[in-house]
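Trainee: Before I use the labels on this model, I would like to know what stands behind them. Please take me through the terms one at a time.

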Amino acid sequence: PVTGAQTTTGADNGIKLADLRGLAYDDPKWELFLDQFTYDELNMLFSDGGWHSNAIDRLGIPSSRMLDGPAGINSMYVPVSAAAYPTEMMVASTWNDDLAYRLGSYIGAEAVAYDVQVWYAPAMNLHRTAQGGRNFEYYSEDPFLAGTLAANYINGVQSKGVGTSIKHFACNSTEDFRYKADSIVDERALREIYLRGFEIAVRHAQPWTIMMAYNKVNGKYCTENSHLMEDILRGEWGFEGLTVSDWMATADRVRALKA
């Protein structure tokens with residue numbers, strides 16, 4: 001998209017999603033494909049995406065099902081009787097890359113059986129305090145350990161053709177009032193501590209999606225933070241997937257879309 005220019009919609013370029021299989025991320029055919037969306041279709045995909053995405057049959061886009069994690073497949077809204085796996089803290093305590101990969105592959109295989117296309121996991125913020133309300137979902141206080149094991153977990157899941165959604169990007173260190181918290185972090189600490197695990201996971205595993213956190217980072221909500229999403233995530237790390245908001249984590253949809 002070009003800033004200030006009218007977005008092309010409803011073009012008849014005769015391209016279906018399957019025609020793009022295997023093309024490079026920057027192949028110009030992607031833009032021709034995107035030009036075919038109508039305004040209503042774009043709005044539907046952008047605004048209606050909780051635990052699913054909608055099909056657009058005329059473009060060959062199937063619907064998808066997404067369920068939560070990270071200690072196995074679960075959902076607060078759909079009855080699921082899936083295996084309960086060890087928490088990420090337990091996995092991190094093994095320091096075992098192969099085990100993390102195998103666990104990921106098991107979850108990926110189970111996701112296939114449940115017709116799940118994306119798994120909202122692994123979670124990989126840091127243990128910054130013993131009182132962290134999400135510590136049970138995160139690997140470690142060490143970003144290298146967290147990132148390395150997460151990368152193996154992701155590669156295991158995605159080896160089965162199931163996408164992952166690493167979370168919560170970024171600097172989520174609390175559970176209570178995380179939708180109001182503002183993490184004030186200087187650039188060096190941000191990169192060397194808080195983002196390092198995510199960077200390792202992106203560079204070594206290329207997760208399909210990344211879930212943005214509720215909180216602000218240096219005054220901007222993560223869902224509206226173009227420094228995180230564009231400058232660092234895509235520009236520096238080469239992320240090629242989708243960024244998604246956490247449940248009701250988009251404070252302002254217009255600012256989030258622009259970011």
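Mentor: Begin with handedness: a crossing is left-handed if the near helix is turned anticlockwise from the far one by less than a right angle, and right-handed if clockwise. Helices (H or I, at least four residues) and strands (E, at least two) are DSSP runs, numbered from the N terminus. This is a predicted model, in which local features need pLDDT of at least 70 and side-chain atom pairs pLDDT 80 or more, while totals for chains, interfaces and linings use all residues. Residues are numbered from 1 along each chain as its sequence is written, and side-chain values use heavy atoms, without hydrogens and water.

Trainee: What is the hand of the crossing of α4 and α5?

Mentor: The crossing of α4 with α5 is right-handed. Axes are lines fitted to C-alpha atoms, for helices over the stretch in contact, and angles run from 0 to 180 degrees between N-to-C directions. On that basis α4 (residues 97-113) and α5 pack at about 35°, with axes 6 Å apart.

Trainee: Which residues make that contact?

Mentor: Contact means heavy atoms within 4.5 Å. On the α4 side the residues include Y101, L103 and I107, and on the α5 side they include L149, Y153 and V157. Ala, Val, Leu, Ile, Met, Phe, Trp, Tyr, Cys and Pro count as nonpolar, Asp, Glu, Lys and Arg as charged, and the others, Gly among them, as polar. The contact of α4 with α5 then divides into seven nonpolar, seven polar and one charged.

Trainee: How do α5 and α7 pack?

Mentor: Helix α5 (residues 143-158) packs on α7 at about 35°, and their axes are 7 Å apart. Their crossing is right-handed. Among the residues in contact are F144 and I154 of α5, and I200 and H204 of α7. By class there are eight nonpolar, six polar and one charged.

Trainee: Why are β1 and β9 called edge strands?

Mentor: Two strands pair if DSSP finds at least two bridges between them. The open sheet of six strands has the order β1-β2-β3-β4-β6-β9, with mixed pairing. β1 (52-53) and β9 (242-245) each have a single partner strand, so one side of each is left without a neighbour in the sheet. β1 and β2 (residues 64-68) are antiparallel and joined by two bridges, with S53 opposite S64.

Trainee: What lies across this sheet?

Mentor: Helix α8 (residues 226-236) lies across β4, β6 and β9, at about 150° to β9. Helix α7 (residues 196-205) lies across β4 (163-169) and β6 (209-212), at about 160° to β4.

Trainee: What makes E187 and R191 a salt bridge?

Mentor: The term requires a side-chain nitrogen of Lys or Arg within 4 Å of a carboxyl oxygen of Asp or Glu. In E187 and R191 the closest N and O atoms are 2.9 Å apart, so the pair meets the cut-off. Being four residues apart in helix α6 (residues 187-194), they are separated by about one helical turn.

Trainee: Is E187 buried, exposed or partly exposed, and why?

Mentor: Buried means under 20% relative accessible area, exposed over 50%, and partly exposed in between (1.4 Å probe, protein chains only). E187 is at 34%, so it counts as partly exposed, and R191, at 28%, is partly exposed too.

Trainee: Which residues are linked with R134 in a network of salt bridges?

Mentor: The network links R134, E137, E175, R178 and D246. R134 meets E137 at 3.0 Å, N to O, and both residues are buried.
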